[in-house]
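Hello,

Here is the structure I promised to pass on. Have a look at it first, and then read on for what turned up.

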Amino acid sequence: ESEATMTSMAILMRRGVVLAGASMLALGVSGYIGPEGSVTAAQQRSRPQPDPTTQLPERLVTHEQMLEWFEEQKNWDRWGPDDDRGTLNLITPEKTKAAVALVTEGISVRLYHFPDPVNLDEPMPDTSNMRVLNQHWIPGQDPEATEIRGAALDAISFATHDGGNSHIDALCHYPVKDEGYTERPQRIYGGRPMMYTGQGCMGGASIDKMGPGYVTRGVLIDMPLLKGVPYLEKSQALYVEDLEAWEEFSGITIGSGDAVFLRTGRWARREAEGPWNYGGETAGLHASILPWLKERDIAILGGDAVADAQPSGVAQHNRPIHDMLIPMWGTPTIDNGYYLEVAEVAARLQRWEFMVSWTMMQIPNGTATPFMGLATF
């Protein structure tokens, strides 16, 4: 299987294909690939533990509690039975016009990180198993040549769900994790059957059905700034009081149709200490914030890693924020956002709200789109 998978990848790379995550499912790839091509016994034994505070009685969120919240909080049929956009519907023309009015300085900064090219012979612990697709080459050109024949050309290939690539998860990306999670067919946003094939999401809510792009108010939550540290501790869980403390500090109340960007300092830590398997150990939101966040009715949630604290500390829910937002609320999540530059500008201006804009790459039946958002002050 490994040889077949690698052969398929090589063929795709030679064709210059940009893949959505669902395409990789057809190749049968799963799990984090370590130096030997699989999770080793030593890695299993040394798995990180959740933030101890997540297990305190007043903090603990159980699987049963998640099931109750699924039913209480789901947005199914809120915008009709065939809706594919979820809470992106909250970005109304009025919301967009109000966001444009926030532009006073004319300063734009990126909110995204593009995949790092990799050496296939070296493991990249903070990327996914799809790291092997991160390639950049000149098609039909001798790599040793010093002159280019005709016009300059190049090609790239990458996986949308790679750990170094900022991307927006489609609403078909996560199935409902309830008591029927192991049954077939599983369900996605709206209660529809989850239908994945080698061509992607075939049952609706794929990225090409979620609109061409959006402009709305962006709100940065800069937790390292609030706590006076360069970056949060690995696996540190954030709670409602942390979010409310940020609102008080920034003078901003998170509201309907907002795009919320949570900075934990993932990229600052990476620069200082090097890469690590952030997908299994990263600071983020604890599941107990879900009722609070639901009341705010946000349009989209971005993290500089994943928005969930990892490990989550919630039994049967590795990523409870993803489990709730994507299939139940219909709220897309942005993984691997890059918020160093926007944090610097926001701190200088003492202003943590801005106009945010992004497009949605129309990948047919795609499970995600690369996120190339801009914050404009």
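A disulfide here is a pair of cysteine sulfur atoms within 2.5 Å. By that rule the count comes to one disulfide. Please keep in mind that this is a predicted model.

The bond is formed by Cys 172 and Cys 201, whose sulfur atoms are 2.0 Å apart. The torsion about their S-S bond is about 80 degrees, so the disulfide is right-handed. Cys 172 sits in the loop between strand S4 (167–169) and strand S5 (196–197), while Cys 201 belongs to strand S6 (residues 200–201), so the pair ties together parts that are 29 residues apart in sequence. Are these cysteines buried or exposed? Both Cys 172 and Cys 201 are buried.

The other thing to look at is strand S13 (residues 353–359). Five of its seven residues are buried, so S13 is largely enclosed by the rest of the structure.

Which strands does S13 pair with? One of them is strand S7 (residues 213–222), which is joined to S13 by seven bridges in the antiparallel sense. Strand S15 (residues 374–376) also runs antiparallel to S13, with three bridges between them.

In S13, Met 355 is the bridge partner of Arg 217, and in S15 the bridge partner of Met 355 is Thr 376. As you step along the strands, remember that in a regular strand the side chains alternate between the two faces of the sheet.

Happy browsing, and best wishes

Terms used
Residues are numbered from 1 along each chain as its sequence is written. This is a predicted model: local features need pLDDT of at least 70, side-chain atom pairs count only at pLDDT 80 or more; totals for chains, interfaces and linings use all residues. Side-chain values use heavy atoms; hydrogens and water are left out. Buried means under 20% relative accessible area, exposed over 50%, partly exposed in between (1.4 Å probe, protein chains only). Helices (H or I, at least four residues) and strands (E, at least two) are DSSP runs, numbered from the N terminus. Two strands pair if DSSP finds at least two bridges between them.
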